[in-house]
Amino acid sequence: MSKTRVVITGLGATTPLGGDVTSTWEGLLAGRSGARRLTDEWVQNLAVQIAAPVAVEPTEVIERVKARRLDRTAQLAVVAAREAWADSGLEDSGLDKERLGVAVASGIGGLHTTLSNYDALQQNPRRVSPLAIPMLMPNSSAAYVSLELGAKAGVHTPVSACASGNEAIWLGLDQIRLGRADVVVAGGAEGAIMALPLAAFGMMQALSKRNDDPEKASRPWDVDRDGFLLGEGAGILILESYEHAKARGAKIYAELAGAGISADGHDIAQPDPTGSGARRAMERALSEGDLTPADIFHINAHATSTPQGDIAESLAIRQALGKEADHAVATAPKSMIGHLLGGAGAVESVATVLALKNRVSPPTINVDKLDDAIELDVATEQRKLPDGDIAALNNSFGFGGHNAAIAFKTL
Amino acid sequence: MASTEEIRSNLAEIVNEIAGIPVEDVQLDKSFTDDLDVDSLSMVEVVVAAEEKFDVKIPDDEVKNLKTVGDAVAFIERAQNG
C-alpha cells in the first residue's frame, strides 16, 4: 500500500522575533536576537535573569474575556493556530470538521495558572479560579485550538519535554496516513518564562548565565557556550493530505515526507553521548520519507547551546548522514529565539518549511569560534539552497531521552 | 449602606470583567444564564468577586437561587444589612 502524501498548507507562529510568521522569518534571516535581560521584580534573586519573551503579547491579540480563560501557553497556541488556519484558506473550503484533527503539544502545560492559583490558595481557597483545572491541564492548548476551529476528529497533546512540538507533527502525520483525518492542525506552544522554571533549569546547570550580555547567551556550537536561553512562543502547521490540498487548489509550502521517533534509554536528563538515539530518529524520518542522506541539504538542529547536547547531536548527524552531511547546511534558530521547550520543534518546523520554500538557510548567530568537536557545515550568514528536489531535517530532543526528527521536502 | 443601584452597578462591572457582558445589559430583571449567557463556571467567579467587593458571604448552596441580577442584588443587600 502506498503512503498517503501529506503536505503543509498553512503556517502560524508567535515568537521572540515577531507576532507572526513573516516577522519571525525576517528576524531569523537577519540574524536578530530576541533575548533580553528581564527586569521583573521576581527575577532579582535568580542566578539566571535573561530570556527571550514573545515580541507581541498574546493578550494584545486575543479578545479580553477569552484571554482570561486561557493560560499564557494556550493563548500563544491560539494566536499561532488562528494565523495558520487563515493562511490555509480552509475555513471556506467546505472541510468536514469531523475530518479535522488537532495535535498541539506543550512541554509543561499551564504553569502560569498552576503557580498563580497556588498563590491564591495560600491566601484563601475561594480565590482559586473555577477555571484553574481547564487552564492548567497540559491538553488545554490543544483543546482550545480545537474549540476555536471546531475540530472534531481526535484532539491530541503529546508531552515529551522539548521534543513535544515535533512529536505533535509526527502524530499528525500518522493521523492522516492512517486515514483518521484529512487535515491536522499540528504544533506546540510554551509560555513558561517564570521564576520557577528559570530557577529549576538553572539548578540543573542547563541555562546560560550570561546575564550581562543576553544577546550573546545562546551560542550553539560555539566553544564558549554555557547553556540554553529560555524562550517562549508557539508554532502551528496545517498538515493536509496531498489529495485534499490539490482538490481544493491549496497553496502548498512543502511536503511532510516522514517523521522518526526514538528513545535514548540512557538517562533522564543527559543525552546519550554516542548520539545513537538521535541517529535512529533521523534514520527513521528519512526511511519513512523514502529519502536518502544525499537528499538532505538543510538541517535545523536541536542545538540548544549546551556543552554536551550540541556535541552528541553533531555525532548523531554524522552517523545518520555520513559523508552526505558535508552538503547539508546546519542552522540553529535557538541562537536567536532561545529554547521554546514544547514550542521549539513546531516553530523550528515552520522555519524549516520556509527554508525549503525560499531555498535559503537562516544564519546561526554567536558562533565566534566553532567548537572543534562540531563536524557540521555551520552557516553564520544566510546560505542559498540549491534548486531541484531537496529535503531538510528538523531535530528536537527532550529530557527523558525523547528524540523526534521530521523530514520535509520541496514540492 | 450601598443603594440598590450602587450594588447593581458594581455587580455589572464584575460581570463585565469576567464574562464580557456590556455593563448596561446587566439589569435587575435579567437572568444570568438565559439573558446574559454567563456560564456556570463564570458564575462562580462572579460570586467570589462579589463576596470580596461587597464584603459578604454567598454560600455555594445559595448560588442556584440567584437566577437574576435582581436576585443577586437583593441577596447582597440582605447580607450587608444582616
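**View 1. A:A278, A:R279, A:M282 and A:E283 of α10(A) meet A:A312, A:E313, A:A316, A:Q319 and A:A320 of α11(A).** Here, "meet" means being in contact: the C-beta atoms of two residues, placed from the backbone, lie within 7 Å. Sorted by class, this contact has 5 nonpolar, 1 polar and 3 charged residues. (Ala, Val, Leu, Ile, Met, Phe, Trp, Tyr, Cys and Pro count as nonpolar, Asp, Glu, Lys and Arg as charged, and the others, Gly among them, as polar.) What you're looking at is a predicted model, where local features need pLDDT of at least 70 and side-chain atom pairs count only at pLDDT 80 or more, while totals for chains, interfaces and linings use all residues. Residues are numbered from 1 along each chain as its sequence is written, and chains are lettered from A and ligands numbered from 1 in the order in which they are written.

**View 2. Helices α10 (residues 276–288) and α11 (residues 307–321) of chain A cross at roughly 40°, with their axes coming within 8 Å.** That angle makes α10(A) oblique to α11(A). (Angles under 35 degrees are roughly parallel, over 145 roughly antiparallel, 65 to 115 roughly perpendicular, and the rest oblique.) The axes are lines fitted to C-alpha atoms, for helices over the stretch in contact, and angles run from 0 to 180 degrees between N-to-C directions. The helices themselves are DSSP runs (H or I, at least four residues), as are strands (E, at least two), numbered from the N terminus. The crossing of α10(A) and α11(A) is right-handed: a crossing gets that name if the near helix is turned clockwise from the far one by less than a right angle, and left-handed if anticlockwise.

**View 3. A:C162 sits in the loop between β5 (155–156) and α7 (164–177) of chain A.** In UniProt, an unreviewed entry gives A:C162 the annotation "active site". (UniProt positions use the numbering here, feature names are shortened, and annotations may be inferred rather than shown by experiment.) A:C162 is buried because 27 other C-beta atoms lie within 10 Å. The cut-offs are 20 or more other C-beta atoms within 10 Å for buried, 12 or fewer for exposed, and partly exposed in between, with C-beta atoms placed from the backbone. Leaving aside neighbours within four places in sequence, the contacts of A:C162 include A:G107, A:H339 and A:F399.

**View 4. Over in chain B, helices α1 (residues 4–19) and α4 (residues 69–81) cross at roughly 120°, their axes coming within 10 Å.** So α1(B) and α4(B) are oblique to each other, and α1(B) passes α4(B) in a right-handed crossing. On the α1(B) side you'll find B:T4, B:I7, B:R8 and B:L11, which meet B:V69, B:A72, B:V73, B:I76 and B:E77 of α4(B). That contact has 6 nonpolar, 1 polar and 2 charged residues.

**View 5. Zoom in on B:A72, a residue in helix α4 of chain B.** B:A72 counts as buried because it has 28 C-beta neighbours inside 10 Å. Setting aside neighbours within four places in sequence, B:A72 is in contact with B:L11 and B:L66. B:A72 and B:F32 are 40 residues apart in sequence, with 9.8 Å between their C-alpha atoms.

**View 6. B:S40 lies in helix α2 (residues 40–54) of chain B.** UniProt lists B:S40 as "modified residue: O-(pantetheine 4'-phosphoryl)serine" (unreviewed entry). B:S40 counts as exposed because it has 11 C-beta neighbours inside 10 Å.
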